[in-house]
Amino acid sequence: MPLEVRWPFPQRPAVSWRVCSSLIMGMVGSYSYVWTKYMNRLTVHNQEVLLELVDHRPTDTPLITLSNHQSCMDDPHIWGVLKFRQLWNFNKMRWTPAASDICFTTELYSRFFSRGKCVPVCRGDGVYQKGMDFILEKLNRGEWVHIFPEGKVNMTEEFIRLKWGVGRLIAECSLNPIILPLWHVGLSDVLPNAQPYIPRIGKRITVLVGKPFSVKDLVESLRAENKTQMEMRKTLTDFIQVEFRRLKAEAEVLHRQIQTKS
């Protein structure tokens, strides 16, 4: 499915583009900060791990965060867990793939979402497409990328197999990324997947930040064994899926405990 609009990112962004992007990131981030943290009841476990990696990881170390996808506004709502100053810092904030058939259907939408550091990814075009290449370039510069590896809003909230895009990014990254899984529960109550699509207040949200890890040894082992790119993508995605599944179970228990206490 081809992109319906022009490619939204200039080769060399002008100062005006960066200023506009910083304002959009900051304003949307501020909304998320207030709505998630103060209009609802947010509990974050191991929050300091994420905050530290956003602020203080080495400049040559990219960060890949992964989370489940419960509703169409998980991003930006989930970034209410960050510090306010981080939300207004263009250089520290995440890039994220976004569905081209939702976020990039008109030039106006394209301007807004691209300046929000969302990158168009076309469904059905596979792991080798311009949006994924662009995301890989950002990782190779040591930047932060957030991915929903389920590849869609998972309305049943059952565990589903992860898409191979994350495996490609890790396999082909020229640096050694830190991988940090997150699991959230309750964001689908804040914005249910049913009309009217209006964010709610007073809902309980649990965000569990997992343990950061590297797959450098695994990648090097796969390369030494002369595995194909497809084999590498599958093995890396399967490895991450195991970590992801563990986090899901733990987050759901923590969320139930909070509900019981209340």
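1. Helix α7 covers residues 130-140 and helix α8 covers residues 165-172, and their axes come within 10 Å and cross at roughly 40°. The two are therefore oblique to each other (under 35 degrees counts as roughly parallel, over 145 as roughly antiparallel, 65 to 115 as roughly perpendicular, and the rest as oblique). Axes here are lines fitted to C-alpha atoms, for helices over the stretch in contact, with angles from 0 to 180 degrees between N-to-C directions. Helices (H or I, at least four residues) and strands (E, at least two) are DSSP runs, numbered from the N terminus.

2. Before you go further, a word on the source: this is a predicted model, where local features need pLDDT of at least 70 and side-chain atom pairs count only at pLDDT 80 or more, while totals for chains, interfaces and linings use all residues. Residues are numbered from 1 along each chain as its sequence is written, and side-chain values use heavy atoms, with hydrogens and water left out.

3. Which residues in α7 and α8 meet? From α7 come Met132, Asp133, Ile135, Leu136, Leu139 and Asn140, and they meet Gly165, Arg168, Leu169 and Glu172 in α8 (contact means heavy atoms within 4.5 Å). By class, the residues of this contact are five nonpolar, two polar and three charged. Nonpolar covers Ala, Val, Leu, Ile, Met, Phe, Trp, Tyr, Cys and Pro; charged covers Asp, Glu, Lys and Arg; the others, Gly among them, are polar.

4. Now look at α1 and α6, whose axes come within 8 Å and cross at roughly 80°. These helices are therefore roughly perpendicular to each other. On the α1 side you'll find Trp17, Cys20, Ser21, Ile24, Met25 and Val28, which meet Phe112, Ser114 and Arg115 in α6. That contact divides into six nonpolar residues, two polar and one charged.

5. On to the largest pocket, which holds about 1400 Å³ of space. A pocket is an open set of points on a 1 Å grid over the protein atoms alone, with protein on both sides within 12 Å along at least five of seven lines; a cavity is a set where a 1.4 Å probe fits but cannot get out, and lining residues have an atom within 4 Å of a point. Grid points are joined across faces, edges and corners, and a volume is the space filled by probe spheres set on the points. The lining of the largest pocket takes in 50 residues, with His69, Pro97, Ala98, Ala99 and Phe148 nearest its centre. Elements giving two or more residues to this lining include α1 (15-37), α6 (107-115) and α8. By class, the lining has 34 nonpolar, 10 polar and six charged residues.

6. What about the second largest pocket? About 460 Å³ of space lies in it, and 18 residues line it, with Pro10, Gln11, Phe134, Lys138 and Arg141 nearest the centre. Helix α7 gives the most to this lining, with five residues.

7. The whole structure has one cavity of 30 Å³ or more. The largest cavity holds about 60 Å³, and its lining includes His69, Trp183 and Lys248. That lining divides into one nonpolar, four polar and five charged residues.

8. Two backbone spots to check. A cis peptide bond joins Gln195 and Pro196, with omega about 0°; Pro196 is in the loop between α9 (187-190) and β7 (204-209). Asn46, a residue other than glycine, has a positive phi near 65°, and lies in the loop between β1 (41-45) and α2 (47-56).
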